[in-house]
Amino acid sequence: MDNCLFCKIVDGSVPAEVVYRDESVVAFKDINPQAPVHLLVIPTKHLSGVSDSSVTEGDTLNKLFKVVADLADKNGCEKGYRVVSNCGEDGGQTVPHLHFHLLGKRHLNWPPG
Ligand code: 5GP
Ligand code: ZN
């Protein structure tokens, strides 16, 4: 999709510290990390977010969550981690391309602010 920051990271026109890539999933380090481990796991296909009507089609979510769990293992999150997808204005979503934040290696407070 034109003018989507994360589509540009997928196609390589915007640089990112990519830690995982296959034909349907890309994961990279968040530019403004909120925890020692802060990765963004996204589909290569543009979906606007959790509320996108196509989000449950096919095996997109299965693949994303498999990568999330593998990256948590590989990045030493054995004490636990958090997976977050901010959705829409009230949810605090700033990039309208579906993404899951993987946060780990520090204690995370609950409830969020
Ligand atoms: P959201 O606010 O939509 O839940 O998450 C968007 C995330 O993308 C934020 O945590 C923000 O720090 C990250 N981000 C914004 N621009 C860039 C960028 O150019 N590169 C990377 N790696 N992360 C970005
Ligand atoms: Zn996109």
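This is a predicted model: local features need pLDDT of at least 70, side-chain atom pairs count only at pLDDT 80 or more; totals for chains, interfaces and linings use all residues.

Student: Which residues come nearest to ligand 1?
Tutor: Start with the residues around the ligand, of which there are 16. Being around ligand 1 here requires a heavy atom within 4 Å of it. The ones that come nearest are Lys29, Asp30, Asn86, Thr94 and His101.

Student: Which residue has a polar side-chain atom 2.6 Å from an oxygen atom of ligand 1?
Tutor: Let's go through the polar contacts, where N or O atoms have to lie within 3.5 Å. Lys29 uses a backbone N or O atom, 2.9 Å from a nitrogen atom of ligand 1. Ile31 also has a polar backbone atom, 3.3 Å from a nitrogen atom of the ligand. The side-chain atom at 2.6 Å from a ligand oxygen belongs to Thr94.

Student: How much of the accessible area of ligand 1 does the protein cover?
Tutor: Picture ligand 1 on its own, with 520 Å² of accessible area.

Student: Which element gives the most to the shell around ligand 1?
Tutor: Two elements give two or more residues to this shell, helix H1 (5–11) and strand S2 (25–29). By class, the shell has seven nonpolar, seven polar and two charged residues. With three residues, the element that gives the most is H1.

Student: What is the volume of the largest pocket?
Tutor: The space that ligand 1 takes is this very pocket. Among the 31 residues that line it, Asp30, Asn32, Gln34, His38 and His101 are the closest to its centre. The space in the largest pocket comes to about 750 Å³.

Student: How many charged residues are in the lining of the largest pocket?
Tutor: H1, S2, strand S3 (37–43), strand S4 (81–84) and strand S5 (100–104) each give two or more residues to this lining. Sorted by class, the lining has 15 nonpolar and 11 polar residues. The charged residues number five.

Student: Which residues are the closest to the centre of the second largest pocket?
Tutor: This pocket has a volume of about 200 Å³, and S4 and S5 each supply at least two residues of its lining. The lining divides into four nonpolar, four polar and five charged residues. Out of 13 lining residues, the closest to the centre are Lys79, Gly80, Lys105, Arg106 and His107.

How values were computed. Residues are numbered from 1 along each chain as its sequence is written. Chains are lettered from A and ligands numbered from 1 in the order in which they are written. Side-chain values use heavy atoms; hydrogens and water are left out. A polar contact is a pair of N or O atoms within 3.5 Å; within protein, one must be able to donate a hydrogen and the other to accept it, and residues adjacent in sequence count only if both atoms are side-chain atoms. Accessible areas come from the Shrake-Rupley method with a 1.4 Å probe; for residues, only the protein chains shown count as cover. On a 1 Å grid over the protein atoms alone, a cavity is a set of points where a 1.4 Å probe fits but cannot get out, and a pocket is an open set with protein on both sides within 12 Å along at least five of seven lines; lining residues have an atom within 4 Å of a point. A molecule sits in a cavity or pocket if more than half of its atoms lie within 2 Å of its grid points. Helices (H or I, at least four residues) and strands (E, at least two) are DSSP runs, numbered from the N terminus. Ala, Val, Leu, Ile, Met, Phe, Trp, Tyr, Cys and Pro count as nonpolar, Asp, Glu, Lys and Arg as charged, and the others, Gly among them, as polar. Grid points are joined across faces, edges and corners, and a volume is the space filled by probe spheres set on the points.
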